[in-house]
Amino acid sequence: MSEPLLEVRDLKKHFPVGSLLLGKVRGWVKAVDGISFTINAGETLGLVGESGCGKTTTSKLILAAEEPTAGVIEFEGRNIVDLTDKDLMDYRRKVQVVFQDPYSSLSPRMRIGEIIGEPIQTHERVSQGEVRTRVGELLELVGLRPDMARLFPHEFSGGQRQRLAIARALSTNARLIVLDEPVSALDVSIRAHIIGLLEEIQARLGVSYLFIAHDLAAIAHISQQIAVMYLGKLVEVAESLELCANPLHPYTKALFAASLPSHPDEEKKEIVLSGEVPSALNPPSGCRFHPRCPFVMPRCSEREPDLIEVSPGHRVSCYLYESSR
Ligand SMILES: Nc1ncnc2c1ncn2[C@@H]1O[C@H](COP(=O)(O)OP(=O)(O)O)[C@@H](O)[C@H]1O
Ligand code: SF4
Ligand SMILES: [Mg+2]
């Protein structure tokens, strides 16, 4: 059994609409509304959901870039809101991020050597020569050449820039890397290379990933566990193999249908996602998925179904499975 590295419990982030300072709050955007999950050391948790479901807000909370409205984020057994200066700096060293857009995350006027070397110098006392050596090693680790340290970001392709972002994230010996849609902006042909690289790095260094995507197929292979998010809530959580073999929540099934090419001889009718994700400002009553769910029943709009464990490690929040409790 792997050890838990990061545990999130009943985490919430509500953004005020209107002015909090002037006391004129007109409502709250419940971007993250009570989610719990665990990321084990050396493993990957895939977090999947359509745009606007609260994935990036979740990642900002974990990166300590936003303060939670409620809930606990425990890293190596300590709640991160309790961390003071030195410990918080150490946390920021151990938890790094790779964003979707490698353009925006790499300063255009800095050479690669500085971009990757900067975090090393911020967190450690090392000589210039040592920084150069480490940068060279990191570039090799992500499949680039050490002499590329002299170049600027615009001299690289999109896929290469994402490799640079990964090297930067690894420069401080991170234990957890938050990957927020890291391959969504890349050509399909490049995506598999980057995911393969991430897997190789994990096998070598034992680093954990929170891998965020809107496409379920993209994360199924790399993740040990998958959490499906809808409008600030987790609607289904299971081991990846179990979730792929036995998706339960109608939203999970719809995400699968949207991301995998359908079989011509498939008898089952697929669930097609229609309409947009409703606003997190005024989420639907009861089960938040009910306005889009083909199985909706009268009680679905009345009270929110609990996230219940239907088999070991497989949790789902839907009235269709309440009897299996
Ligand atoms: N700083 C903010 N202020 C107000 N609303 C926000 C803020 N950041 C995100 N939101 C809202 O929270 C919801 C979730 O956004 P986000 O976490 O970016 O979702 P995702 O990454 O899944 O697309 C959206 O409705 C978004 O508009
Ligand atoms: S609780 Fe009801 S509306 Fe929600 S997913 Fe299940 S069947 Fe559909
Ligand atoms: Mg996002």
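Mentor: Happy to! One definition before we look: a helix axis here is a line fitted to C-alpha atoms over the stretch in contact, and the angle between two axes runs from 0 to 180 degrees between their N-to-C directions. Bear in mind that this is a predicted model. Now take helix α4, residues 112–123, and helix α5, residues 128–141: their axes come within 9 Å and cross at roughly 120°. The crossing of α4 past α5 is right-handed. On the α4 side, the contact is made by Gly113, Ile116, Gly117, Ile120 and Gln121, while α5 brings Val131, Arg132, Arg134, Val135 and Leu138. An α-helix has 3.6 residues a turn, so residues three or four places apart point the same way. Keep that in mind as you follow the numbering from Gly113 to Ile116, Gly117 and Ile120 in α4.

In helix α10, residues 250–259, the buried residues are Pro250, Tyr251, Thr252, Ala254 and Leu255. They pack against strands β3, β9 and β10 and against helices α8 and α9. Around ligand 1 you will find a shell that includes Phe15, Val29, Ala31 and Ala280, along with Gly49 and the run from Ser51 to Thr57. Two elements, β2 (24–40) and α1 (55–62), each give two or more residues to that shell, and α1 supplies the largest share, three residues. The shell is made up of five nonpolar, six polar and one charged residue.

Note on methods. Residues numbered from 1 in each chain as written. Chains lettered and ligands numbered in written order. Predicted model: local features only at pLDDT ≥ 70, side-chain atom pairs only at ≥ 80, totals over all residues. Near = placed C-beta within 6 Å. Helix = DSSP H or I, 4+ residues; strand = E, 2+ residues; numbered from the N terminus. Nonpolar A, V, L, I, M, F, W, Y, C, P; charged D, E, K, R; others polar. Buried ≥ 20, exposed ≤ 12 C-beta atoms within 10 Å, placed from the backbone. Contact = placed C-beta atoms within 7 Å. Left-handed = near helix turned anticlockwise from the far one by under 90°.
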